[in-house]
Each structure stands twice: as C-alpha cells, then as structure tokens.
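Subject: Structure for your review

Dear colleague,

Please find below the structure that I am handing over to you. I would be grateful if you read my notes with the sequence and the model open beside them.

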Amino acid sequence: MVDELLFFMEVVVGGLLAGTMYSLVALGFVLIFKASATFNFSQGAMVFFSVLAFCGFMQDFNIPFVLAFILAALLMVVVGLCTERLVLRPLMNASEDTVLMATIGLGYVLEGLAQAAWGVEVRRLDLGIGDFPVPWIADNLKLFISALDIFAGLVAALMIIGLFLLFKYTKIGLGLRAVADDAGAASSIGIPLKHIMLLVWSAAGVVALVAGCMWGARAGVQFALVDLALKALPVLIIGGFSSIPGAIVGGLIIGATEKVLEVYIGPFFGGAIEGWAPYVLAIFFLLYRPEGLFGEKIIRRV
Amino acid sequence: MNNSSANILDIKNIEVRYDDVILALHDVSLKVPKGKVVALLGANGAGKSTTLKAVSTMLASERGKVTNGSIEYDGNSINKQTPSQMVGLGMVQVLEGRRCFGHLTVEENIISGAYSRKLSKGDINQELEKIYTYFIRLKERRKSQAAFTSGGEQQMIAVARAMMAKPKMLLLDEPTMGLAPQLVAEIFNIVKELNTKEGVSILLAEQNTNVALKNSDYGYIIETGRVMLDGTAQSLLNDDKVKELYLGISKKGRKNFRDVLKEESLTKRSN
C-alpha cells in the first residue's frame, strides 16, 4: 500500500516537473497572444529551430556550451526581429485570422530553414545533468525523481519569475500590458507597437530555446519537438489564453494528469496515451469552461 | 488668424477615404491657433473623429487615408509620420470612448502616457504629482484597477494619461460622451485649466454643442464630411441656424431638425 502511494507520488511529482516545461512554452504563447491576439502556431517550430541551432553551434562549430547558448538566444532575437519586420508589420492592419495563418506559414519556414542548415538526423544534447533519479531523494523520501526533471522545474520557475518581474516592474513591461489591454489606445499615447512585438517574439524565442534544451536532452533533438511544443495548446485552453498564472497552472495540470493517465489508464488503451490525453482534457474544458481556469474575463463595469 | 506661424495646426481641404472607397471627408479645412481651444461640432457620422484621426495619423490603423489636401502641424507637413512619432512631436489624441487600460491601475495608466519620454523614476513621480493637481479625484483612486472606475474617472484617466506625454496639442474626441452634466462641467473645467496653465492647444470634437462652444475660442460645424459653418465661439452661440439646429433653442420655442424641414415645406405649400 505504502509502495503504491509512493509510486503514485513519484508519477505526480515527475509529471508536475515535466509540466513546468509546458508552462514555460505556454508562457511564450501567452506573451504573443497578449500582444497580438494571435495563437502563434510557429512556437513549436521555434523550439525545434532554436535547439537545433544550439546543437549545431556546439557540435558542428565546436563552440563552447555557454557561448553556443548565448549565440542561439541571440539568433532567436534575430528571428523575432525578422518576424516583426517581414511578417507582422506588413500585416499590422490585417485581421487576426490572417496573422494566425501567417504564423502557421512561419512555422514551416523555420522548420525548413533549420533542417536545411543543420541536417535532418536526430542529435544528442548533453546538458551535463543525467536523466536518472537523484540518490539523496531516493534515499530519504523513497521517491525516484529524475535530476533532469528537477533541473527543468527549477529553470522554468526562474524564467517565470524573471518574466513576471519584467512585466510588473519595467517600462517595457508596462508597455506590453498596455498593448495587451488596448493596442489602439497604446499607440495613441506613443507606445511603439513594433518594440513590444519585438520584445514578445524575442522572449518567446528564448523560452522556446530553453524548453527545447530540456526536451532535447531527454528525447534527442529531433523534429518531434515541434509537436511536443504544441501541447501548449491544451495547456492554454485549460489555463486561459491571456493569463500568465493560467499558463503556469495549466502546464502543471497537463504535466501531472498526462503522466497519471499514462500510468494508470494507459495500459487499457495499449499505452502511449500521453500524446493525446491532454487534448481530450482540453475538449472537456472547451465544453464546460471555455475561458479556461484563469482566462481574463472581460471586465465590464455595471 | 492669417499668420500661419500663429497656427499650431492647419488643415487644408483634406479628403479622407476608408478602404480606398468610402469617402468620409469631402473637404475639411480648419485652423487651430497656438494656445487656443477649437471646437469641432457635428452629429454622429459627420466626420469629427475621422478629422482628428487624420491629424494624429491614427487613420492608417483603420485602413483610412488622406487622399487630398494637406495637414500642417507646427509648420511641418505630417504626411509620413506614425502615431508614436506624432506623440513625440507633442500631438496626442484622446480617443473616443476613453479607452483606458482596464487591467492596469489608475496610476499605471497615467504613467504609461510617459512611455515616449525618457524620464527617470524621480521625474515621473514629479510629473505625476503635477498631473494629480489637475485630477484630484484620480489621486484618491490611484491604486484601483482602471476598469472598475466610473465613466467620468475613466475620461479623466484618458486625459491625464495624454498629459503625461507633455503635449503641445491635445485632440479630444467626445470627452463628455455619456457623462452626467455635473461631470461634463468638471471635465471642461479641467480642459480649460490645462489650456490656460499648461498652454496646451486643444482641438475638441463634441456633440454637446452648447457646453463645447462656451468653453472654446473658435468653432467649426461639420456635416457629412464638409465644414458648413465656422466662426468665433461667441458668434456661433448667437447664430440663429446654430441655435435652431444644434442647440434646440429658437425664438419660436424648442425645435429639432425635422421640425425645421417640415415647417419649411409647409410654408412652401401654403404659398
């Protein structure tokens, strides 16, 4: 009985830690959604593109780890810059649907560019942190929790705190929140939309790189990362598209439930249900609570 | 009035189209002398907002374009400017319907107006205190979420936010829309104060003809995208046509536009 409980705990904790990465990627979506009211379908491609470039810098050019990471982050800022200039600015006055379609196209471009530049084979990424249980926790709490999961959770938490501070206490953060509320009014008082767009796309790019590193370290840097990142979609449906706390909680919920479902219900379906179980959960949310758990309801004074 | 350098804004015969098709302004010319308040009056759809947006260059975001004529602000043509560049040049529009940032606090809303200026935290606080002397109500509510403040307070937030950009000229689009008479007076008092104490020139679009003219130096009346009448505020207030059609007062008693037309056709028939 105790063993079963411990095992359940293990599954949940592992799921929550893995969920922090979903939270992080979902956060990238929320940023872009807040600034341009568009679901950025190219986020998955950005994950793949950024981490493949990171691996490429290290493995093909023998650039040291830290420098390669910085280069890849800078590359994502450049991608953000190009996206703003070449895709978003020409579509500034187009409908949200048009921008949505443009992000799908952008996704294909990024996938193609990444593979053209770095090849199609699966690459190994070693972060120096093994994907095995931490002995100290295993000894004292009798829980087998992977060091990589814990590291990923910590990194995600730090990034989330950093982004929160950025939005709450900096000038550009205030600008972003203003644009998110009313882009027209923001531009009428001189907040340049292009700066805000550049900020959110760069932030989303760096977030994609971090998430890509964590997932790449576990499963190899490969094309499947694109679909993995799209799990942010059910995360956002559950958490609410425009809510940063929603993205965080939604990610944790998806992370934990998909692992629990995989372990306890998966065998009845022949396993591997964690790929689609989150989407089923999302459908239930769409039916019964479409604004998500934390979705900002439109505030109307009465 | 004729000396061009005395005008901060000089609109000459502009024509505005939306989507390259819909003609919103046919021919609008108007001048705003430095340091004065000019009222732009007219009914819904007359072209007041379009005129203001043409000046602030916000038209582009609504697929509108000035297709003819010219607009000069502070001696320079505003052809190629973006809204944020116009703010940098000291021209700020307060949009119709207040448009506060609902999820931000009152104070955050006001501070956001200083975005285009490079100010230190100390400078911002100093400016903020100065702004609060005009908007005493807002100081009391500085920590509230803007969406939960009253309509009058939201209008004050919108004007205070614009003032944080340190404008030379304000474009106010229907600042009293949907407000109780007492608040209308309060808003206009603030506008007048900003005009006299801060030297801000003001172009004001209003439907509230009476109050607007009483607080302006000069007025323009536009209908279906054309200037129909212009003159000093005093002369417009005394004009019989304005009295009848826009103020609803005449020697024969209260009247609306339809009554005037009906009466005219009746007199024609009896003749």
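**Chain A**

In chain A, among the contacts with a separation of 6 or more, 74% are between residues 24 or more positions apart. Please keep in mind throughout that this is a predicted model.

How does the radius of gyration of chain A agree with that of a compact globule? For 302 residues, such a globule would have a value near 19 Å, and chain A has 20 Å, which agrees. The C-alpha trace of chain A spans about 65 × 60 × 35 Å along its principal axes. Of the 302 residues in this chain, 46% count as buried.

**Where the chains meet**

The predictor assigns the complex an ipTM of 0.83 and a pTM of 0.81. For chain B, the mean pLDDT is 87, with 92% of the residues reaching 70 or more.

On the side of chain B, 27 residues are in contact with 19 residues of chain A. Four elements of chain B each supply at least two residues of this side: α2 (83-88), β6 (91-94), α3 (106-112) and α6 (151-163). Which of them gives the most? It is α2(B), with four residues. Sorted by class, the side of chain B that touches chain A has 13 nonpolar, 10 polar and four charged residues.

**A hairpin in chain B**

Strands β9 (residues 218-223) and β10 (residues 226-232) of chain B run antiparallel and are joined by six bridges. As one example of the pairing, G219(B) has G231(B) in β10(B) as its bridge partner. Together β9(B) and β10(B) form a hairpin with two residues between them. In the turn, T224(B) has a positive phi of about 40°.

**One residue in helix α4 of chain B**

I124(B) lies in helix α4 (residues 121-134) of chain B. Why does I124(B) count as partly exposed? The reason is that I124(B) has 16 C-beta neighbours inside 10 Å, whereas a buried residue needs 20 or more and an exposed one has 12 or fewer. Leaving aside residues up to four places away in sequence, I124(B) touches I111(B), A114(B) and L119(B). I124(B) and M164(B) are 40 residues apart in sequence, and their C-alpha atoms are 8.7 Å apart in space.

Yours sincerely,
A colleague

Conventions. Residues are numbered from 1 along each chain as its sequence is written. Chains are lettered from A and ligands numbered from 1 in the order in which they are written. This is a predicted model: local features need pLDDT of at least 70, side-chain atom pairs count only at pLDDT 80 or more; totals for chains, interfaces and linings use all residues. Two residues are in contact if their C-beta atoms, placed from the backbone, lie within 7 Å. Ala, Val, Leu, Ile, Met, Phe, Trp, Tyr, Cys and Pro count as nonpolar, Asp, Glu, Lys and Arg as charged, and the others, Gly among them, as polar. pLDDT is the predictor's confidence in each residue, from 0 to 100. The radius of gyration is taken over C-alpha atoms; the globule rule is 2.2 Å times the number of residues to the power 0.38. Two strands pair if DSSP finds at least two bridges between them.
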